[in-house]
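Trainee: I would like to go through this model with you. Please put it up first.

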Amino acid sequence: MSEAVSTVTETEPAPTRARKRQSSVLFDAPGPKARMRHNILTLISAIVILAIIYVVIARLDKEGQLQGRLWKPFIKGSTWSDYIFPGIGGTLKAALAGAVLALLFGVVFGLGRMSDHRWVRIPAGAVVEFFRAIPLLILIFFVFSGPPTIANALNREFPQVTAFTALVISLMLYNGSVLAEIFRAGINAVPRGQSEAAYAIGLRKSGVMRLILIPQATTAMMPAIVSQLVVLLKDSALGWIISYEDLLNTGYRQIPTQYGNLIPAAIVIALIYIAMNLALSYLATWLEKRSRRSRKTSAKVLATTPGAGMSGGIMPAP
Amino acid sequence: MNWNVLLDFSPLADNSDKLLSAFWATIRISVTVGILSLVIGTLITAMRVSPIRVLRVAGAFYVNTLRNTPLTLVLLFCSLGLSDTLKFRISGTPSINFFWLAVFGMSVYTAAFVAESLRAGINTVPMGQAEAARAIGLTFTQSLRMVIMPQAFRSVIAPLGSVMIAMIKNTTVVLVASYYEAASLMKDMFEQYGATLPIFIGFAVGFMCLTLPTGFFFNWLAKRMAVVR
């Protein structure tokens, strides 16, 4: 775990102007010759990038994707009020419910995994490792169609699981397990001296946890939690596969069916997703900066891991 | 009472040949995507740390766009958008075409995460290392090749392992790009036999057989290659 949470070092404060120019550990501040070379390379790369953009636009034009007719739906109010806003609502509803439940699940199983009792620790660890190791999609399939089949076979009545319930429960199990590991790492990141001191002044186990460890760990793991919530928001798009009415479904299935504008719809929907996720990511960065400044914790901040933005690629515990 | 839904593993045994070929399809796409995403990711990282501003901006744009778009949308765009609407076909045979479209979508998506990990790795090399390299008279290429890159690559092995595990799990989403692999087979078996617990367990264990060894391998490699500081 410790390798996976390596902190991204900030560029050091620059004492001189020459140091300021240097943007990376990789290269020196350029002299006159290097600057000339950089200018030429800038020109070449700009031409290459423009050429790529040209090829894409030419291709879109050739297939008639740039016609105003296809883009017009997106400046009509009804498209937004009938499709896009309900879609965003559906996405946010699933993501929010999933996030709240996942946080609860994470707290319960994260703490359970650190329990002193073996009969709590081992089952909690098994649950967390299982749900972390399997793809979210097959979990969604099973939660969606498993319970009715099983109840049926056991001669019990069981109402159909809705797409929303299936999605939220799967998001909870999967992201909750990842969050459980984050919580555990956060608590472990608090130096041992803190809990030893707490025991020394006579606090009990629950007191040490509640008054000493959790407050310090929360500050340290806030950025990692928020970046996992970005993953959760993105993963909610898997609802498409079980026909949940989220942004992807209303924007990329219903709008194109009506107007036949698949490419424009994809671009608009992607932009909305990017905006939502960037907003959350900025929150994570801001929290990280804030907690790095804070003197309230002695724990090392769990930086947002580079791999964490992808649906939960945290390493299995060694 | 019919306990078959909880205990009967025979659908898995009956379809063992299909099961193997579906997981083989998963392995095939994982390996292809793994290699391609490492290549694209390295290129994007090179752009992001280069002294040329235009390339840095383009690299950052690429990473931020793909990192924040759901994979489902990326893959749907590849199958419905690129292939069906823009007539961008890699091969005339549908199965080969969809394989490469899925590989393309997965690779460009995963590459963004690879690039992010690699860049973080370069950032973990202390400034002093580069300064010391320059002080003893190494040229730019020499210090890059002999001092900075070896340390950077070693420190990103573990994060790259995480990205690769996530990628293997994400290959299930290529279902939406019409490529047939393990998750598609599970869906079909659910339709045929009903969604029983043993089928789910079987596929879950199948995926664990792919992800856990990958994780252990990268952990082992990261420990072995760790830079002592």
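**Chain B, then chain A**

Trainee: In chain B, what share of the contacts with a separation of 6 or more comes from residues 24 or more positions apart?
Mentor: A contact means C-beta atoms, placed from the backbone, within 7 Å. This is a predicted model: local features need pLDDT of at least 70, side-chain atom pairs count only at pLDDT 80 or more, and totals for chains, interfaces and linings use all residues. Residues are numbered from 1 along each chain as written, with chains lettered from A and ligands numbered from 1 in written order. For chain B, the share is 77%.

Trainee: How many helices does chain B have?
Mentor: Helices are DSSP runs of H or I, at least four residues; strands are E runs of at least two, and both are numbered from the N terminus. Chain B has 0 strands. Its helix count is 11.

Trainee: What percentage of chain B is buried?
Mentor: Buried means 20 or more other C-beta atoms within 10 Å of a residue's own; exposed means 12 or fewer, and partly exposed lies in between. Chain B has 229 residues. The buried part is 47%.

Trainee: What is the mean pLDDT of chain A?
Mentor: pLDDT is the predictor's confidence in each residue, from 0 to 100. In chain A, 83% of residues reach 70 or more. Residues 1-23 of chain A stay under 50, and residues 311-318 of chain A are below 50. The mean for chain A is 79.

Trainee: Which residues does Ile140(A) touch, not counting those up to four places away in sequence?
Mentor: Residues up to four places away are left out here. The partners are Ala166(A), Leu167(A), Ser170(A), Leu238(A) and Ile242(A).

Key
Two residues are in contact if their C-beta atoms, placed from the backbone, lie within 7 Å.
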